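Take a look at the protein below.

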Amino acid sequence: MEIRDKIAEVTGETPHMVVNQLHRSKMDPNRERDEATQGDFKAEYTFDTYHGFIEKAHNLVKKTGQPGIHFDIHGYSSHPDLWFELGYLIDNDDLDDGRLKRSESSINALAGRVDVSFEEILRGDSSLGGMFQKAGYKAIPSPRYPGPDSGVGKKYYRGGYTTRRWGSKDGGNIDAIQMELPPEPRKNNMEHGPKIGQVMGEFINEHYPPQRMCSTQCRP
């Protein structure tokens with residue numbers, strides 16, 4: 001809530017927010033439906049309802065004819081670098097080796113309309129990771145941490161089902177970025193939530209018009 005409230009303050013618009021309250025052992029909406037639900041009809045209903053709400057939010061954005069951004073927010077505790085992992089569907093090895101293809105990313109639409117290179121919008125100063133870095137957070141990909149090899153544990157999650165399904169990789173004008181947050185900002189959300197929301201709001205103001213926002217959260 002602190003993240004959403006700060007985004008609303010910075011942008012002047014309150015984003016749509018869809019929250020999964022179930023533990024992933026019961027139903028994981030960031031996986032393909034069959035794997036996420038394991039054939040359980042209650043899990044299937046919940047999965048469909050969750051993504052149905054996302055679809056409604058996306059349709060409202062589409063009606064405006066303007067671009068939009070979908071943040072899929074998660075948490076983790078197993079990676080030693082404890083950085084903000086920003087997933088754009090780019091493989092770990094491709095990030096390390098510089099094999100960056102806009103058409104393979106979940107921000108394909110954004111990359112096609114900005115006046116900078118794909119690498120800049122992915123991990124340069126004007127990228128979300130670059131903005132988090134400027135705010136004092138450790139983020140990947142970013143200018144300081146361009147790929148997993150730049151860290152100690154070399155662990156990074158590139159994004160999952162939600163980012164693939166709802167981002168602009170296969171067309172459309174709504175991008176998606178998966179955000180994996182380490183324990184500290186989640187445990188101290190009252191402190192970090194507004195700071196994270198400030199960065200996200202500035203990113204939206206820089207690259208998207210108002211009233212074009214969708215956000216989802218999954219319980220870690």
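Helices (H or I, at least four residues) and strands (E, at least two) are DSSP runs, numbered from the N terminus. By that count the protein has 10 helices and six strands. Its radius of gyration, taken over C-alpha atoms, is 16 Å. The C-alpha atoms fill a box of roughly 45 × 40 × 35 Å along the principal axes.

This is a predicted model: local features need pLDDT of at least 70, side-chain atom pairs count only at pLDDT 80 or more, and totals for chains, interfaces and linings use all residues. Residues are numbered from 1 along each chain as its sequence is written, and side-chain values use heavy atoms, with hydrogens and water left out.

Buried means under 20% relative accessible area, exposed over 50%, and partly exposed in between (1.4 Å probe, protein chains only). Buried residues make up 50% of the 220.

Now find helix α10, residues 189-207. Its 19 residues reach 26 Å from first C-alpha to last. Buried residues of α10 include His192, Ile196, Val199 and Phe203.

Last, where is aspartate 28? It lies in the loop between β1 (16-20) and α2 (33-37). Aspartate 28 counts as buried because its relative accessibility is 10%. In contacts (heavy atoms within 4.5 Å), aspartate 28 touches Ala36 and Phe47, not counting residues up to four places away in sequence.

Definitions and conventions:
Expected span 1.5 Å × (residues − 1). Rg over C-alpha atoms; globule rule 2.2 N^0.38 Å.
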